[in-house]
Amino acid sequence: MEMPRRAEHRSLVRPYARTGGRTRPERDLELEALVSTSEQGRRHEGATSVAHRGICDLCTETRSVAEVAAHLALPLGVVKVLVGDLAEAGLVLIHQPGLFVGDRSSQEFLERVLAGLRAL
């Protein structure tokens, strides 16, 4: 029986070990909040873990918190804590989307969020 592809990349480390046991981020992050890597983050200056560097690399293209969780196959709560830590360190920027009903870019964004949620 062949294992699903996503399972091949899972770590044996418990998800909350990546956050030092923290389950809530310092800042309130919505799952649709957009995350992009800062110049400091592109150089991994201050990235203290493999997960931090992975998020910095992933968010060179702006992504929602939900997409980050889906791509990294990590629980949403863990990703919120990690992204919050990165934002505090200046490695990523968090953008609150301003969506307008019927706006083409908002529809594309919502489709990306939906795809990220489905991948969870």
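Leaving aside neighbours within four places in sequence, Val83 is in contact with Leu29, Val35, Ile55, Val92 and Ile94, contact being defined as heavy atoms within 4.5 Å. The structure is a predicted model, in which local features need pLDDT of at least 70 and side-chain atom pairs count only at pLDDT 80 or more, whereas totals for chains, interfaces and linings use all residues. Residues are numbered from 1 along each chain as its sequence is written, and side-chain values use heavy atoms, with hydrogens and water left out.

Val83 belongs to the largest nonpolar core, which has 22 residues; together with Ile55 and Val79, Val83 touches the most other members. A nonpolar core is here a set of buried Ala, Val, Leu, Ile, Met, Phe, Trp, Tyr and Cys residues joined through side-chain atoms within 4.5 Å. Buried denotes under 20% relative accessible area, exposed over 50%, and partly exposed the range in between (1.4 Å probe, protein chains only). At least two residues of this core are supplied by each of helix 3 (50–58), helix 4 (65–72), helix 5 (76–88) and strand 3 (92–95). Helix 5 provides the largest share, 6 residues. Helices (H or I, at least four residues) and strands (E, at least two) are DSSP runs, numbered from the N terminus.

Helix 5 comprises 13 residues and reaches 18 Å from its first C-alpha to its last, close to the 18 Å expected at 1.5 Å a residue; the expected span is 1.5 Å times one less than the number of residues. Its buried residues are Val78, Val79, Val81, Leu82, Val83, Gly84, Leu86 and Ala87. The elements covering these buried residues include strand 1, helix 3, helix 4 and strand 3. Just after helix 5, Gly90 adopts a positive phi of about 80°.

His52 is located in helix 3 and counts as buried because its relative accessibility is 10%.

Helix 4 is largely enclosed by the rest of the structure, because 6 of its 8 residues are buried. These buried residues are Val65, Ala66, Glu67, Val68, Ala69 and Ala70, a set that includes Glu67. Just after helix 4, a positive phi of about 55° is found at Ala73.

In a regular strand the side chains alternate between the two faces of the sheet. Strand 1 (residues 34–37) is covered on both faces, with Leu34 and Ser36 buried on one side and Val35 and Thr37 buried on the other. Two strands are taken to pair if DSSP finds at least two bridges between them. Strand 1 runs antiparallel to strand 2 (residues 63–64), to which 2 bridges join it; the bridge partner of Val35 in strand 2 is Arg63. Strand 1 is likewise antiparallel to strand 3, with 4 bridges between them, and Thr37 has Val92 of strand 3 as its bridge partner.

Ser64 lies in strand 2. With a relative accessibility of 0%, Ser64 counts as buried. Apart from residues up to four places away in sequence, Ser64 touches Leu31, Glu32, Ala33, Leu34, Phe109 and Val113.

A search of the whole structure finds 3 salt bridges, a salt bridge being a side-chain nitrogen of Lys or Arg within 4 Å of a carboxyl oxygen of Asp or Glu. One joins the side chains of Arg42 and Glu39 (3.6 Å, N to O). Both residues lie in helix 2 (residues 39–42), 3 residues apart, about one turn of the helix. Arg42 is partly exposed at 42% relative accessibility, whereas Glu39 is exposed at 53%. Another salt bridge links the side chains of Arg43 and Glu45 (2.6 Å, N to O). Arg43 is partly exposed at 49% relative accessibility, and Glu45 is partly exposed with a relative accessible area of 38%. A further salt bridge forms between Glu61 and Arg63, whose closest N and O atoms are 4.0 Å apart. In this pair, Glu61 is partly exposed at 46% relative accessibility, but Arg63 is buried, with a relative accessible area of 13%.
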